[in-house]
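Please look at the sequence and the model together, and then go through the points below by topic.

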Amino acid sequence: MRITSAKTSVADSGSRSAQPGFTSFTPFDPEHAFTVVDVLKVIAERHGVSPARVAVAWLLSRPAVTSVIVGARKQEQLVDNIAATDLTLTAQDLSELDEVSKMPVAYPNWIQDAFAGTRLPQ
């Protein structure tokens, strides 16, 4: 699924997922994704690079990520993705991306967190 901006819908993106009858097999919140893309664009502008390059550099900076699989369809996309290995994101960049990409805590964890103080002995 190609995510381009909070101001663009998936149907407007021209992606295969916009085709009639497409069903995603994973839960996906497009509004949340669009918000992340908007922050990627701001950071990309600061560095004078593409949002895709920032996204790949961000993934490569994650301690738990051992590899990144890119889906380039054109040579210039592949070159841009590879160039992410030379992009060093600042602490501010990483903090902004980490914050905007946080997923909500799923049930039952949110209820356990909410009541932990009243249930656990001090």
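Helices (H or I, at least four residues) and strands (E, at least two) are DSSP runs, numbered from the N terminus. The protein chain follows the pattern α-α-α-α-α along its sequence, with 5 helices and 0 strands. The model is a predicted one, in which local features need pLDDT of at least 70 and side-chain atom pairs count only at pLDDT 80 or more, while totals for chains, interfaces and linings use all residues. Residues are numbered from 1 along each chain as its sequence is written, and side-chain values use heavy atoms, with hydrogens and water left out.

**The chain as a whole**

- Of the 122 residues in the protein chain, 24% count as buried, where buried means under 20% relative accessible area, exposed over 50%, and partly exposed in between (1.4 Å probe, protein chains only).
- The protein chain exposes about 9,000 Å², and carbon and sulfur atoms supply 57% of that area; accessible areas come from the Shrake-Rupley method with a 1.4 Å probe, and for residues only the protein chains shown count as cover.
- Among contacts in the protein chain with a separation of 6 or more, 68% join residues 24 or more positions apart; contact means heavy atoms within 4.5 Å.

**The nonpolar core**

- The largest nonpolar core has 15 residues, and those with the most contacts inside it are Ile 43, Val 54, Leu 87, Leu 89 and Leu 97.
- Two or more residues of this core come from each of the elements α1 (30-47), α2 (51-61) and α4 (91-101), and α1 gives the most, with 5 residues.
- A nonpolar core is a set of buried Ala, Val, Leu, Ile, Met, Phe, Trp, Tyr and Cys residues joined through side-chain atoms within 4.5 Å.
- Leu 87 is in contact with His 47, Val 49, Arg 53, Val 54 and Ala 57, when its neighbours within four places in sequence are left aside.
- In α2, the buried residues are Val 54, Val 56, Ala 57 and Trp 58, and their cover includes α1, α3 and α4.

**Asp 93 and its partners**

- Asp 93 is found in helix α4 and is buried, with a relative accessible area of 1%.
- Not counting residues up to four places away in sequence, Asp 93 touches Ile 43, Arg 46 and His 47.
- The side chain of Asp 93 also reaches the backbone nitrogen of Thr 90 at 2.9 Å. This is a polar contact, that is, a pair of N or O atoms within 3.5 Å; within protein, one must be able to donate a hydrogen and the other to accept it, and residues adjacent in sequence count only if both atoms are side-chain atoms.
- Arg 46 and Asp 93 meet through their side chains in a salt bridge (2.8 Å, N to O). Arg 46 lies in helix α1 and Asp 93 in helix α4, so the pair ties together parts that are 47 residues apart in sequence.
- Arg 46 is partly exposed, with a relative accessible area of 42%.
- A network of salt bridges links Arg 46, Asp 93 and Glu 96.

**Other salt bridges**

- The structure holds 5 salt bridges, each being a side-chain nitrogen of Lys or Arg within 4 Å of a carboxyl oxygen of Asp or Glu.
- Arg 53 forms a salt bridge with Asp 80, and their closest N and O atoms are 2.7 Å apart. This pair links distant parts of the chain, with Arg 53 in helix α2 and Asp 80 in helix α3, 27 residues apart.
- Arg 53 counts as partly exposed at 22% relative accessibility, whereas Asp 80 counts as buried at 14%.
- Glu 99 and Lys 102 also meet through their side chains in a salt bridge (3.3 Å, N to O), and Lys 102 is exposed, with a relative accessible area of 54%.

- Asn 81 is found in helix α3 and is buried, with a relative accessible area of 11%.
- Leaving aside neighbours within four places in sequence, Asn 81 is in contact with Ala 52, Val 56, Val 70 and Ala 72.
- Ile 82 lies in helix α3 (residues 75-83), and Val 70, Leu 78 and Ile 82 make a nonpolar surface patch of about 240 Å².
- Patches are made of residues with over 30% relative accessible area and no salt bridge: like charges are joined within 9 Å, and nonpolar side chains (Val, Leu, Ile, Met, Phe, Trp, Tyr) within 5 Å.
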